[in-house]
Amino acid sequence: MNDIEGTRFTGHGPEWKDAKLSARDARAATAWVEAKVDRAALTGKDRVEDVRDRMRELERDGEIVVHRIRDEHAPVEAKTLYGWTKRIPTAQLWHHKSCGQCGNIPGYPTSLLWLMNQLGTVYLDETDQTSCTAWNYHGSGIGNLESLACVFLRNFHQAYVSARAQGLPDGYYFPLVHCGTSFGNYKEVRAYLLRSAELREKVKKVLAKLGRLVDGKLLIPEEVVHYSEWLHVMRSRIRAIQTIDVGKLRAVIHPACHVYKMVPEDAIYDDEVLDGNRVAVSTGLVQALGAQVIDYSTWYDCCGFGFRHIISEREFTRSFAMDRKVKVAVEEAHADVMIGHDTGCITTLDKNQWIGKAAGKHAEIPIVADCQFAALACGAHPYKIAQLHWHASPVEKLLAQMGIDWQRAKAEFESYLEAVRNGRGEHLYDPRRAITSGPGARKPVMA
């Protein structure tokens, strides 16, 4: 880092200085963000390594154990950016929850679980897990690679052994990651682990103390799977239970950086989804449900969250979210809804709209996750399940466009809240699907 007037230069905060570029130079410096980024632009470089090849080598050499996706997980194959095959498990899933979703957008995970209930999907929404801690790493720089790797391996080991409390074998459940940040972080950390013997040795010592090794070896998942990938391969089955026509809706998709820009070779692309030029998750689902997916010029842009500048340069986040995403969706695409698949993106694009009004930025559009949109289209209650009352951007117009009587739904929800106050609440699922089955489990719980 450079030292400017005694201040450690971080690229954020009061030490930021105006570059004083001419209008022409400023235009040249930022023109790249308006470039049309299609699949060819992403693959027009040397072929990258498939880390799964390295994983198989280490397994053959007896250094690691691979948690494999088996036939009982009912995998569906999808193609990634380079045409590689990725197997997505669709059954016996272990939900790796998101701290940001549970704390800020609770309708996000409940919508996903509700859809799985409707489809009869077997899953475990276990309590014995932790945050991935990637926000700390990206946002503050305090974390380190060793700690990230230990958390990753600890959580995925728990997924591997979680079925023991039900008298079922190890590996019965396969982890499904809810948060895009966790998803990108875990894939990146897995690649580091597979390429660095030194890192493997360091974390192995920690995992041994925690009792989190398998036959004295590190456990690595065959695939790191995001919930949006599950939605993508299940989209035809979700379409089969759809009850609401969304054909008149114009939707734009915000792809999350952590989902498809981190370890981009692992992102799913489909020739049937915008000619294979966009990451397929979310878009494929929304198209399958019948809504009109509208392309827009800033689809490739970050939502503005960016981790560190949401902390130290918050006004940049707010202006970027409004000017580069929300206003474009409203004024260029004339969209009725913006749909995303990551915690930070949904929060940023949703919550900053009312703040933007203070600066005279009045563009408004509902921001929902793909699973919330799908659940609504399949008849989920907009407040009880999708929990749209947690959203800051307006949702009433969208609900009306979908033919949902939001005033009646709101009254029903208020009545339900009174029932909860009087001890008559409901469970989204059988509480035994949230067992703690780690080393601290006291007795088996039978399904």
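Colleague: In which loop does Leu274 lie?

Modeller: This is a predicted model, in which local features need pLDDT of at least 70, side-chain atom pairs count only at pLDDT 80 or more, and totals for chains, interfaces and linings use all residues. Residues are numbered from 1 along each chain as its sequence is written, while side-chain values use heavy atoms, with hydrogens and water left out. Helices (H or I, at least four residues) and strands (E, at least two) are DSSP runs, numbered from the N terminus. On that numbering, Leu274 lies in the loop between α12 (257-260) and α13 (283-289).

Colleague: Does Leu274 count as buried, partly exposed or exposed, and at what relative accessibility?

Modeller: Buried means under 20% relative accessible area and exposed over 50%, with partly exposed in between (1.4 Å probe, protein chains only). Leu274 therefore counts as partly exposed, its relative accessibility being 27%.

Colleague: What is the phi of Gln92?

Modeller: Most residues other than glycine have a negative phi. Gln92, which lies in the loop between β5 (85-88) and β6 (93-96), counts as buried at 10% relative accessibility. Its phi is positive, although the residue is not a glycine, with a value near 55°.

Colleague: What is the strand order of the open sheet of four strands?

Modeller: Two strands pair if DSSP finds at least two bridges between them, and three bridges join β12 (residues 337-340) to β13, which run parallel. The edge strands, each pairing on one side only, are β11 (292-293) and β13 (367-369). With parallel pairing, the order is β11-β10-β12-β13.
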